[in-house]
Amino acid sequence: PQLVDASALRDSGAVLLRVATGPPPLLLEDIATADAVDRACADAVAYVEANVGNGDAALFSIFDALVPNIATHLDSWYLKLADRVRYFGVNAGNERFVSEPCLFDADRFVANGALLQLLPGHPGACVEHGYSVPEHTITATAASGNTIVQIDWRPALDVYREIMQDQYGIAINRENFYEHAVHFPFGILLLRARGEVLVRIPVALGENDEIICVGEIRPNSLLALLDARTATGRAAPLLADNLAELGRAEPGGDLVLFYCAGRRLHVGEGVGEELSAVLRETAARQMAGALSLGEIGGPSSDDYPLFHNASLVGVQWPSR
């Protein structure tokens with residue numbers, strides 16, 4: 001875990017964000033199983049309906065990154081709440097991808113949960129990753145939760161190895177998998193969302209060569225193997241343009257930025273340059289935030305709540 005401080009990342013300290021108005025946050029526990037979706041949805045909907053009133057509001061969520069069905073939870077919330085709120089969020093956890101408590105309120109410190117904060121009158125956020133999509137596509141013919149079991153009816157790792165060798169000349173084995181996978185994640189091609197691409201960073205391998213990702217992959221999803229080098233330099237101006245198009249970018253205002261931890265691994269020493277680009281493109285007075293292990297939202301704050309990897313989440317924050 002690291003914090004964003006203008007154009008630098010910090011290993012210690014805290015970022016405090018003042019919520020001038022709004023209810024106390026809601027901590028949802030034990031939401032990682034399929035039978036918990038309806039219960040968690042009922043609690044989230046009751047929380048929003050009790051506090052949203054008739055005005056604009058945004059629902060900010062922080063999930064435990066190891067919850068395997070985050071997209072399913074987002075779908076269930078949207079089916080009940082639709083566009084009564086704007087949705088954005090991030091994931092907490094650790095890059096060892098070991099289940100540990102990572103969410104808390106005044107009384108509890110838990111894993112396998114989600115923390116919700118309703119923000120009345122808030123314009124929401126924009127999410128961008130800047131990836132372009134290659135022509136070659138594949139299909140997740142067997143997948144469950146955040147795990148790809150088969151690609152094109154073959155063991156997932158076998159197909160990933162072949163593509164990496166044929167297209168990029170990189171030999172993949174179980175030992176170097178994560179080292180390279182962060183630079184060559186999967187993209188899920190979505191026809192319903194204006195051709196938008198969801199990035200899924202592979203983080204581990206199963207015993208039978210399954211590929212485990214951060215975020216769900218639905219069976220029969222259309223996939224492409226992405227090259228992270230194509231995203232460098234594109235995300236910052238896209239993020240700034242989307243904020244400006246919404247009429248919600250406040251030149252000289254404050255910007256909260258969540259930056260994907262997997263993206264940081266790819267960008268390496270260039271992370272300061274990308275953070276500086278965000279500051280420059282958005283003309284923010286000051287910028288602070290944190291690394292994340294998954295991002296929630298879309299290019300527009302009014303978009304359907306999609307779960308992303310490798311992205312930047314830009315949040316205009318009231319200065320007073």
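Ala125 stands opposite Val315 in β23, where strands (E, at least two residues) and helices (H or I, at least four residues) are DSSP runs numbered from the N terminus. The structure is a predicted model, in which local features need pLDDT of at least 70, side-chain atom pairs count only at pLDDT 80 or more, and totals for chains, interfaces and linings use all residues. Residues are numbered from 1 along each chain as its sequence is written, and side-chain values use heavy atoms, with hydrogens and water left out.

β9 and β23 (residues 312-317) are antiparallel and share four bridges; two strands are taken to pair if DSSP finds at least two bridges between them. Both belong to an open sheet of six strands with mixed pairing, ordered β2-β1-β20-β19-β23-β9. β2 (8-10) and β9 (125-128) are the edge strands, each pairing on one side only. From one strand to the next, the twist averages 25°; axes are lines fitted to C-alpha atoms, for helices over the stretch in contact, and angles run from 0 to 180 degrees between N-to-C directions.

Helix α5 (residues 235-245) packs on this sheet and touches β9, β19 (254-260) and β23, its direction making about 150° with that of β9; contact means heavy atoms within 4.5 Å. Helix α7 (residues 271-282) also packs on the sheet, with β1 (3-5), β2, β19, β20 (286-292) and β23 among the strands touched, and its direction makes about 150° with that of β19.

Elsewhere, β12 (residues 147-151) pairs antiparallel with β11 (residues 142-144) over three bridges, and Ser144 stands opposite Thr147. The two strands form a hairpin with two residues between them, and Gly145 in the turn has a positive phi of about 60°. β12 is also joined by two bridges to the antiparallel β13 (residues 154-155); in that hairpin, Asp152 takes a positive phi near 50°. A further antiparallel pairing, over two bridges, links β12 to β17 (residues 211-213), with Ile148 opposite Ile211.

Just after α3, Gly169 takes a positive phi of about 70°.

Asn176, in the loop between α3 (156-168) and α4 (177-181), counts as buried because its relative accessibility is 14%. A polar atom of the Asn176 side chain lies 3.0 Å from the backbone oxygen of Ala171.

Conventions
Buried < 20%, exposed > 50% of the residue type's maximum accessible area, 1.4 Å probe, protein only. Polar contact = N/O pair within 3.5 Å; in protein donor to acceptor, adjacent residues only side chain to side chain.
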